Amino acid sequence: METRFHIKERAWSLPEPFIVSDDAGSAVFEVRGTFSTIEDDLVLVDRATKQELARAHIRQNPLLLTLHYEIYRNGQLWGSILDRFRHFHEDFKIEAGNGVALHVVGDIRSWNFTLSDDAGHPLAHVGRQYSPFPGCYAIQLERDMDAMAIVALVIVIDMVREQKVQTTP
């Protein structure tokens with residue numbers, strides 16, 4: 001059975017936490033933090049237990065003007081994401097903590113992309129078309145995997161996307 005999480009599109013400059021919901025519309029996770037400084041942390045918290053599930057640490061390299069993100073689960077590095085600026089499209093280098101590369105295929109700006117493994121197997125589909133809720137996009141997981149880490153990864157991609165949209169004339 002496929003698992004889906006729904007996230008309302010919003011401006012990342014807002015300071016209050018936002019909610020990740022399930023198919024029933026029930027809040028399952030809360031994301032705390034902002035995307036406004038050179039170094040910041042985003043924390044994914046279980047709404048029921050208030051337990052931290054994942055942490056994304058954001059660090060900007062001032063010489064290269066690139067952003068580097070690290071996602072941690074249970075204190076262990078789950079993945080590393082490098083935002084590589086391209087003139088006509090967004091490009092990410094994503095490495096899982098075990099050295100496996102993940103790929104973003106599709107159009108990030110239009111909310112229609114897939115996360116896949118090195119073999120091209122889809123791990124998750126992301127898009128507005130997967131969510132019945134207005135103003136939301138959904139993460140539809142395809143396999144039994146670390147859902148929280150994938151949600152954290154998509155939220156980081158969302159942050160980068162939002163920043164690019166706000167700064168592109």
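Visitor: Leaving aside neighbours within four places in sequence, which residues is Leu 153 in contact with?
Guide: This is a predicted model, to be clear from the start. In it, Leu 153 is in contact with Ile 71, Trp 78, Ile 81, Ile 94, Leu 102 and Leu 115, once neighbours within four places in sequence are set aside.

Visitor: And which residues touch the most other members of the largest nonpolar core?
Guide: Ile 139, Leu 153 and Ile 155 do, in a core of 41 residues. Helix H1, residues 147-167, gives the largest share of this core, with 13 residues.

Visitor: What does the Glu 30 side chain make a polar contact with?
Guide: The side chain of Arg 47, at 3.0 Å. Not counting residues up to four places away in sequence, Glu 30 also touches Pro 17, Phe 18, Ile 19, Val 43, Leu 44 and Val 45, among others.

Visitor: OK, now Arg 73. Where does it lie?
Guide: Arg 73 is in strand S6, residues 66-73. Arg 73 is buried too, with a relative accessible area of 18%.

Visitor: What lies 2.4 Å from a polar atom of its side chain?
Guide: For Arg 73, that is the backbone oxygen of Leu 53. Beyond neighbours within four places in sequence, the contacts of Arg 73 include Ala 54, Trp 78, Asp 146, Met 148 and Ala 149.

How values were computed. Residues numbered from 1 in each chain as written. Predicted model: local features only at pLDDT ≥ 70, side-chain atom pairs only at ≥ 80, totals over all residues. Heavy atoms only, no water. Core = buried A, V, L, I, M, F, W, Y, C linked by side-chain atoms within 4.5 Å. Buried < 20%, exposed > 50% of the residue type's maximum accessible area, 1.4 Å probe, protein only. Helix = DSSP H or I, 4+ residues; strand = E, 2+ residues; numbered from the N terminus. Contact = heavy atoms within 4.5 Å. Polar contact = N/O pair within 3.5 Å; in protein donor to acceptor, adjacent residues only side chain to side chain.
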